[in-house]
Amino acid sequence: MKIAAAQLSCAPADVSANAVRAAALAVRAREDGAGLVVFPELTLTGYELAALAADPGLWLADAEDPRLDPVRSTGIATAVNVALRTDGPRPVIATLVHDADGAHVTTYAKQHLFRHEQDVFAAGTTPGRFELGGIRFSLGICFDNHFADVPAAGAAACCRVHLASSLYGTGDGVAERAAVHPGIARDSRMYVALANHVGPAGPWTGCGGRGRMGTGRDPAGRGGRAHAVGGRGGGAGGRVSSIV
C-alpha cells in the first residue's frame, strides 16, 4: 500500500474551508496511487485553541459529521485530525479514520496533551490502532509521540505503520521533529508517516517536513530499505509525500 502524508496551511477556525483543502490533497494522493493519507493535528480548524475553547460549533459532532463529507467522498482512506465532541464539557483532539468508501474505521483521542491544550481538551484513554488492506496501523498525535509507550503499544499489537498527526514549529520544533520520529521507527520497528503543518498555525509557525521513516522492512513486513525523506514548502495548497 502506498501511504501519503500531507502538509498544509490551515484557514484559522474555518472547518468548511479546511475540509475542502484536505479533500484536494486527498484527491492528489489518490491520483498518485496512495491508498491512505494522514493529515496534521487539528487539520479542520488549524491550531486555534482560543477559538476552539470559545466556540463549540467548531467541534465535530461525531465521525459522520457532514462537514467531513468532502474528505470522506474522495475515494481514498483518510486519517483526519479534528476537535471532537464528547459526552463531557470538553472536546478531544481526535484522529478520525475512514476507508476509501467513507465508512468510519476508528477514532483515536490524543492521550498526552501539550501545555495549554490541557485547559481546552479532555485527554484520551485508549490506544489507537486499526487494520486496512491487510496492514495494521497505530496512531499518535503530536506530543503523544514523545512518550515511548504510545508507539510501543502499537508495535506490541503487531502494527507495521505508525501515523503521526502533528504540529512542529520553527525553532526547537525542527530538531524535535527530526529526532522523535526516526527514533520511533528505530525503536518500534514500524514505519512512521508524519503529517505536519507548514506556515501559520495559531501561535506557532509550522516547519513542514512531512515525511516517512523506514525501518528496514516494508509495511507488510516483507523486508525493505530504511529511508527518511520529507521537505518544506507547500503553503495553503499543501503537499503530499508517499511511502510504499
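This is a dialogue on reading a few features of a predicted model.

Student: What should I know before reading any values?

Tutor: The model is predicted, so local features need pLDDT of at least 70 and side-chain atom pairs count only at pLDDT 80 or more, while totals for chains, interfaces and linings use all residues. Residues are numbered from 1 along each chain as its sequence is written, and side-chain values use heavy atoms, with hydrogens and water left out.

Student: How many residues does helix 1 have, and what span should they cover?

Tutor: Helices (H or I, at least four residues) and strands (E, at least two) are DSSP runs, numbered from the N terminus. The expected span of a helix is 1.5 Å times one less than its number of residues. Helix 1, residues 15-31, has 17 residues and should span 24 Å; its end C-alpha atoms are 24 Å apart, so the two agree.

Student: Which residues of helix 1 are buried?

Tutor: An α-helix has 3.6 residues a turn, so residues three or four places apart point the same way. Buried means under 20% relative accessible area, exposed over 50%, and partly exposed in between (1.4 Å probe, protein chains only). In helix 1 the buried residues are Val15, Asn18, Ala19, Ala22, Ala23, Leu25, Ala26 and Ala29. Just after helix 1, glycine 33 has a positive phi of about 95 degrees.

Student: How many salt bridges does the structure hold?

Tutor: A salt bridge is a side-chain nitrogen of Lys or Arg within 4 Å of a carboxyl oxygen of Asp or Glu. The structure holds 8. In one of them, the side chains of glutamate 41 and lysine 110 meet at 2.7 Å, N to O. Glutamate 41 lies in the loop between strand 2 (36-38) and helix 2 (49-54), and lysine 110 in the loop between strand 5 (104-109) and strand 6 (128-132), so the pair ties together parts that are 69 residues apart in sequence.

Student: Which residues are linked with this pair in a network?

Tutor: Glu41, Lys110 and Glu117 are linked in a network of salt bridges. Between lysine 110 and glutamate 117, the closest N and O atoms are 2.9 Å apart. Glutamate 41 counts as buried at 0% relative accessibility, lysine 110 at 1% and glutamate 117 at 1%.

Student: Where does arginine 72 lie?

Tutor: Arginine 72 is in helix 3 (residues 69-72). Its relative accessibility is 18%, so arginine 72 counts as buried. Arginine 72 forms a salt bridge with glutamate 64, the closest N and O atoms being 2.9 Å apart. Glutamate 64 counts as partly exposed, because its relative accessibility is 42%. Contact means heavy atoms within 4.5 Å. Not counting residues up to four places away in sequence, arginine 72 touches Ala63, Glu64, His98, Asp101 and Gly102.

Student: How many aromatic pairs are there?

Tutor: A pair of aromatic rings is described by the distance of the centres and the angle of the planes. Rings of Phe, Tyr and Trp (its six-membered ring) pair if their centres lie within 6.5 Å; planes under 30 degrees apart count as stacked, over 60 as edge-to-face and the rest as tilted. The count comes to 3 aromatic pairs. Phenylalanine 114 and phenylalanine 143 are edge-to-face, at 5.1 Å centre to centre with 70 degrees between the planes. This pair links distant parts of the chain, 29 residues apart: phenylalanine 114 is in the loop between strand 5 and strand 6, and phenylalanine 143 in the loop between strand 7 (135-141) and helix 4 (149-156).

Student: Is the pair of phenylalanine 130 and phenylalanine 137 stacked or edge-to-face?

Tutor: Phenylalanine 130 and phenylalanine 137 are stacked, 4.8 Å centre to centre with 10 degrees between the planes. Both of these residues, phenylalanine 130 and phenylalanine 137, are buried.
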